[in-house]
Amino acid sequence: MILSFDQSKKLLTKYKIPFVKGELVESKTAAFNFVKKYGYPVVLKIDLPNILHKTDIGGVILDINNKEKLILSWDKLSKLGKVLIQKQIGGVGLIIGAKKDPIFGPIIMFGLGGIFAEALKDVSFRLAPINKKEAKEMISEIKGYKILKGYRGQEPVNLLKLEQILLLLSDLITKEKIQEIDLNPVMADSKKAIIVDAKILI
C-alpha cells in the first residue's frame, strides 16, 4: 500500500524530516487561504497515492503565481481527484530513498533528482543504519557532487542539512514497517534542504 499525503507527512514529521508547506484543499477558498498564509508561487498536485508519476497524467501544475492561474489550475485538477497545494521551492533537485532488501536489509540511496535520477543513475548506496561519516561519503561519491559544491558561480547547497536528512531517514527505515520510501525531489540550496514529494510503500 502507498501512503497518502497526510500519512506520509505524519510519518516524516515524526522523524523531524523537513517537508515543504502543503495542505490538502477541498475548495478554491481553502487554496486562497493557503496563499494568504504562505504567498506565491505555489504548486498544485492531485493526491492519488497509487499514481507513481503524477506529471505523466498532467497531475502537477507549477509556477502558479497569481489568482487567475490558481483558479484555472484548481478547476483542471479538482476534476481528477483530491488537490494538494504546496509552496514552490527552488534549489537543486535531489533524490533520497530507502528500501528493505530481502537479502541485505535496509538500504539508503542518495543522488541527483528529477529526470537525472532515471537518466543518469548518479546515485550512491549504503546499508542502514548509517553514521555521519557515511552520510557525508554518500553525498561526495555522486558525479553531481560538484554541482552541490557550487558550480560555475552557483552557491553551494547546505550539505549538513542533506547529511541530516540521510541520518533521519536511516533511523526511520530501520525502525518502521516501511518497505520503500522515495523522497523526490528534495530541494536544496545554501540555507536548507526540504522534501517536496514523498512516496512511501508499506
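**Exercise 1.** Which residues are exposed on the other side of H2? Determine also which residues of H2 are buried and what they pack against.

*Solution.* The model is predicted: local features need pLDDT of at least 70, side-chain atom pairs count only at pLDDT 80 or more, and totals for chains, interfaces and linings use all residues. Residues are numbered from 1 along each chain as its sequence is written, and side-chain values use heavy atoms, with hydrogens and water left out.

Step 1. Helix H2 spans residues 28-38 (helices, H or I, at least four residues, and strands, E, at least two, are DSSP runs numbered from the N terminus). Within H2, Ala 31, Phe 34 and Val 35 are buried (buried means under 20% relative accessible area, exposed over 50%, partly exposed in between, with a 1.4 Å probe and protein chains only).

Step 2. These residues lie on the same side of H2, because they cover an arc of only 100° around the axis (the arc is that of the directions from the helix axis to the C-beta atoms). An α-helix has 3.6 residues a turn, so residues three or four places apart point the same way.

Step 3. On the other side of H2, Thr 29, Lys 36 and Lys 37 are exposed.

Step 4. Strands S1 (22-25), S2 (42-46) and S4 (83-87), together with helix H3 (67-77), pack against the buried residues of H2.

**Exercise 2.** Describe the packing of H2 and H3.

*Solution.* Step 1. The axes of H2 and H3 are 11 Å apart, at an angle of about 140° (axes are lines fitted to C-alpha atoms, for helices over the stretch in contact, and angles run from 0 to 180 degrees between N-to-C directions).

Step 1. H2 is therefore oblique to H3 (under 35 degrees is roughly parallel, over 145 roughly antiparallel, 65 to 115 roughly perpendicular, and the rest oblique).

Step 2. From H2, Lys 28, Ala 31, Phe 32 and Val 35 meet Lys 67, Leu 70, Ile 71, Trp 74 and Asp 75 of H3 (contact means heavy atoms within 4.5 Å).
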